[in-house]
Structures are given as structure tokens and as C-alpha cells.
Amino acid sequence: MSTIITYAPLLWQGLLVTLELLVLGSALALVVAFTAGLGRLSRHWALRTPAAIFIEVFRGTSMIVQLFWAYYALPLLGVELPAFAVGVVVLAANEGAYAAEIVRGAIQSRAAGQTEACVALGIPPAKRMRRILIPQSIPAMLPSFGNVLIDLLKNTSLVATITVLDLTFQGLTIRTSTGATTAVFTTLLVVYFILSVLLGQMMKFLERRFAIDRTSKPRSKLAKVMRPQSASTGGSGV
Amino acid sequence: MPSPAESIDAESPEPANGSDEMITFENVSKSWGDNKVLQGLNFHVKPAEKVSIIGPSGSGKTTILRILMTLETPGEGVVTVDGDELWNVAAGQRIPRETKQMRLTRRKIGMVFQQFNLFPHLSAIQNVMEAPVQVLGMSKDEAHERAKDLLDMVGLGEHLNHKPPKLSGGQQQRVAIARAMAMRPKVMLFDEVTSALDPELVGDVLDVIRDLATSTDMTMLLVTHEMRFAEEISDRVVMFDSGIAVEQGPPKKIFKQPDNDRTKKFLRAVLEH
Amino acid sequence: MTWDTEYALSILPRLLRGLLVTIEATFAGIAIALVLGLIVAVIRYLRIPIISHLFTFYVSFVRGTPLLVQAFAAFFILPDYGITMSALLTGILVVGVNYSAYTAEVYRAGIEDVDKGQWEATTALSLPGRPTWTRIILPQAVRKIIPVLGNYWIQMFKDVAILSAITVSELLYTAQTIGSSDYRYLEPLTIVGLLYLAVSYPAAIIVRRLERRLAFSR
């Protein structure tokens, strides 16, 4: 335990990096999610197909593979990014691809009736999407977004394998120099757990704040528990 | 809201003769939090009697059936079926666990639900066979024969091997009736069994129930909104409101010349549709 | 540096062997997850005081912490306590235990998702406990659970790559080894990505079809 206290500053630095990855990664992932999700819904083939390919590729390969590829293979094609940037971009792309499906699903399930109402009122397609469909769909997206967010948090640990100095990396470094294996890993696990619980609480708060109606059909419990083909850390969060 | 003082004892017209009653409710109360679903209900049903229970939603009518079927527990009171005790709960007592006595008594009762509750992964005939085989220990062949007869009786002889998703609502409900009948219950409970059906399918189901009412001596309790049907087949009609039996009597009396204001008000609202 | 197809083909056999290890690890891991998850689900369902709560916490904790850190923890801590295993075995256990937290939830949700009316119908028919479970409730729950478990299987297949960090010679590790010894990363890592897609994409389609079939025949 004393080891932990001695090395606390190092762990703290690692935690900050993890949080930076979390914030930047999720912000970018949100952009990716709406871009790809809406793109997938587009009537234009030229928008739909690249979006679909992007989503399937990033969902169909594991994030650690994507990280390695972006860090080791991409430079050989001329695009070299620092490890931290690679981390943010891959986190955003990977989790964004999952979130894109959530966006697509939420909007599609509302689409039919609302679209017809808009057509009847003469509201053009773009406005229809922006002002009617999307705002309505957001409360439905929030619970699943919550899972994606917690997943993103856990996945930040993977950047340690491409030498980003996050919490996990620092933990490993400390372990190597002190041999205090149990203490270090227990600390890491507890910190991640606390973070995921906090994220969960934050999401619950947001869900309540943005809830449109209380009388919506209760979601299937299985749907809550499962994530469609989740990203690389063993699925959804707490 | 009717006060307990308005409550009548929903007893059978003939002088009560304790062990002669098929169903007795004595001082049965039930609350969900502050909501008093049933208040000190006294209710008797004679063997072979066909009783319709009418009244507005939330009046406690369904709760009576559910307590009989042990799907809900009374907060207080005694319920007997065919002379055997089903429930005996003292006020403030902890909810009793399911006893062997309860299980045996319950076998005499069958129920048909508003949402049918058929087993979706089993065919019609399998639905009807399931309980006789598992509970009565009947052989599969015997159960099969019986199920076939019952399904023929309700007009579904052509649909023996169809699974519920392939059947219409009315057909599913008729399978549900056959399924309940397969256990040869002495008491049959019908909980708003046509409320979830499209109007054109209701008639077939009512035909089956009418058949049961006229040709069997089962005791039947129907919670229903089908007033004309209730008038046609019932021996007695009981009007419920807010957990209290406010009026009862033969169908002609209740539907044509009710005494109680609430009954009048309710019937006016319902029959004017 | 651009793509060298000859080189790519020459390393393919080694990579395929790595893929085989990944597949083996996935099968072993999912077997553990299915069994262990069932045990956890049953214990939680029985609501045994203290023990059930412990298991509930265990499920939350495993789901709330990264698989990579769990893998490192197992890999480094277990030998300290005298438990020595191959990296592969350690990896399989970690992935199995991790996913059991998810399968346990799937079992629970699958049972709870069965319509309450089904339970009421069995009460109305006086159907006793065992046939209620084995003939009515479980068959319906299983139909819903299977596609979800299928998706978790695919997920685990992808997550096994994380075990490369604890030196399990699966697909990604093999590619890393090749990369560092031949100083060529483009071909090995790209092939790895393609191989993952080649397995997971068809698998995902199969699971989706399975889901549709199971739902319809109900």
C-alpha cells in the first residue's frame, strides 16, 4: 500500500491521460456516430455505402488490432501520428461505429410516422431530420450511449499497448520497478471501477433530464443487457 | 366513491347453507398501498351458478378472480372453494406461503385470461395436453384424444397443430378455454376474455362460453363488459364499484331496473355506446 | 514502403496458425463463460443471503473494469500465489471469467423477459415447478438468449486479441512477432484485420439470421 502512496503522482498523471482520452475520445466519437449514423440513413448511395463500410470494418475488428494497425502500419503508408493522437482517433472511430448504429436504430424506429406527419405539413427533408426526428430520438439513444461511454473508458486502457502513458501504462511501469503486483493491479481495477460507476450515474442523470415521456413501453431487459457486437473489452459496462 | 356502508352482501338468493356453497368469500379485503381494492367483501356462489361481475375499471372485479386463482393474496379474510379452505388470512398477518391444501384446492379452478397467455412455442393441441399430462399424470395418448375432442368442441378441429402466432385472437382464446377445460375444473373464471379481441372475433368466443353455460354444471364467474351476453347467460349479476359490491340480483332486474344509483349511472354510460 | 504481396503470402501460414489459437481460445473461453455464468445466474436467482449479493457485486465489478487490466492482473498475480499456468490457459480463464459476468446477466434478463402471463397460466393450470421451468419458461427464454450469446461469442473472438499483451500466441501476437523480427508491419497487421473481418462479419450475419428464425417460429 505504501508503494502506491509513493508512486501516487505517477498514477495521477496516468489517470489524467486516461481522462483526456475519455473526454476527447467520446467527443469525437459523438461526431463520428452522428456522421456515420445519419450517413447510413441517407438516400444517396454515395453517402450510404462508405458509412456502412466504415461501420462494419470498425465493428468487425477488435480495437487493439486497430490501434496496432494505426500506430505501426499506417506510418508505412505515409500517415504518422503520435501515439496519443492514434489513441483518440481509434477510440473515436471504434466506439463511434457502435454509436452510429445506435443513432441509426433510434431514428429509424421513429421515422415512419413522424416522416409522414412532416410530409403532410410540408416540412422539407433536411429540416425534418434536424428539427423533428433527431431531437425526439435522443432520449432513446441515451441508455445505449451510456454503455458505449463506459466501454470507451475501459478501452482507453488498450492504448497502454502502444506506449501511451495512461493509467494502465503507469501501473505496469510501477509494477516493473517495485514488484508490488497485487497492490498496483488492485488499485488500477478499483480506480477504473469507480470511474465506470461515476459515468453510469452521470448517464442516469442525463437520461432522466432528457426523458420525453414516462409512459413509453418498457424496454426489453435483454435489450438493456446486451450490446450489438460490442467493442473490445468484453462488452458493455456496469 | 361508495362507502363501505353501501356494501351489500353478495350472497346467493337462496338461504345460505354453509357447506353447500361452491365459493365463499368472508370479509375479504385487499389493498395496494393506499388503494383499497376490496373492502370487507362477503360473496357466495352456489354450485353450477353462473355469475357475471360488472362495474367500472379498477373496481376490484378482476381481483376477486385473481385471489381465487391464487394469483394475488388477500390482505385479510377467508376464501373457500368446494368446502375446502383456500385462503385464511388474519389482518396484519404475513402473507401465507403456498400450502399443499392450497395447491389441491386450486386444481378445482380454471381461468381464462384477457391476454390468452397461451404457450407460444407449443401447438394448440400441445397447449391443451400439457397440464393433463404433467399434473393429472394422464398418458400422452389419452391426453391427445381429450385435447382433440375439446378443440373440436370449440370449433378448432382444423387447427390442432397450429402454434398461437398463426391463430387469430378469437381462435387463441378458444384454445385457452379448451386448455382450461382439459383439467375438468369445477369452477371456471373468465377475466374479461373478449376485451382484447377485434369486434368481429368476439362472437365465436361468446358462443363457446354460452355453450359451456348451458350444457355444463360448472360454476362460472365472468368479469365482462359484454352486457347483453351477461344478461343472456347469467343466473346472477353483481355490480362492483371501488372494491364494494353495490348491487346484485337476477340479470333482468339489474339491467332493466337497477335500484342503486351507481349501477344506473354505470349502465347508462356503458349501454349508450 | 508499399504493399508486398509475395511477402504477405509468405507469412500467411504463420498467421493462420495464430488464427487457430484465437479460435481455440474463443471456444474454450465461451464454454467457461456459459457454464460459470449459469452458476452465477442461478445463485443470484435463489437469493441466498450474502452469497447472492457477493455475486451481484462480482458481476458489476468485472463488467466495470477493463479486460486488459484483468488479464495483466491474472498473469502477474497468480504466479505469486503459486499458481503457474501457461499464458494461453491464463488468457482463457480471464476471458471466460470476464464474459461469465455478461452471460449471467443474459440468463437473468432472458428469464425476466418471459411474459408474466406465462407464469400466471401455469398457476391457473396447477402446473408444478419443474415442468413450468423445463417445458414452458426455459424453452421461451432460450430462444431469446441464443442470439445474444451468439453475439457475445463473436465479441470474445475479437477480444482474444487483447491476450496478446500477456504473450498468448494468438493472431495479433503472431503478427507482432513477425513485424518486429522482419521489420515489416504493414502486411502482417493488415492481414490480421482482414482475417478478423473474414470471420466476424459472416458470423454476425449468421447470428442475425438465427435471431430472425428463432423469433418467427415461436
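Modeller: Helices (H or I, at least four residues) and strands (E, at least two) are DSSP runs, numbered from the N terminus, and on that reading chain B comes to nine helices and 10 strands. This is a predicted model, in which local features need pLDDT of at least 70 and side-chain atom pairs count only at pLDDT 80 or more, while totals for chains, interfaces and linings use all residues. Residues are numbered from 1 along each chain as its sequence is written, and chains are lettered from A and ligands numbered from 1 in the order in which they are written.

Biologist: Why is chain B called as compact as a globular protein of that length?

Modeller: The radius of gyration is taken over C-alpha atoms, and the globule rule is 2.2 Å times the number of residues to the power 0.38. For the 273 residues of chain B the rule gives 19 Å, and the chain's own value is 19 Å, so the description holds. Along the principal axes, its C-alpha atoms fill a box of roughly 55 × 45 × 35 Å.

Biologist: What makes a residue of chain B count as buried, and what percentage do so?

Modeller: A residue is buried if 20 or more other C-beta atoms, placed from the backbone, lie within 10 Å of its own, exposed if 12 or fewer, and partly exposed in between; in chain B, 46% of the 273 residues count as buried.

Biologist: What makes a set of residues a nonpolar core, and which residues touch the most other members of the largest one?

Modeller: The set must consist of buried Ala, Val, Leu, Ile, Met, Phe, Trp, Tyr and Cys residues joined through C-beta atoms within 7 Å. The largest such core has 118 residues, of which A:L67, C:A71 and C:V192 touch the most other members, and its largest share, 15 residues, comes from helix α4 (residues 83-121) of chain A. A second, separate core of 77 residues includes B:M69, B:L222, B:M239 and B:F255.

Biologist: How do you know that chain A is in contact with chain C, and which helix gives the most?

Modeller: Two residues are in contact if their C-beta atoms, placed from the backbone, lie within 7 Å, and 43 residues of chain A are in contact with 48 residues of chain C. On the side of chain A that touches chain C, α7(A) gives the most, with nine residues.

Biologist: How many residues does chain B give to its contact with chain C?

Modeller: Chain B gives 21 residues and chain C gives 16 residues, and the largest share of the chain B side, four residues, comes from α3(B).
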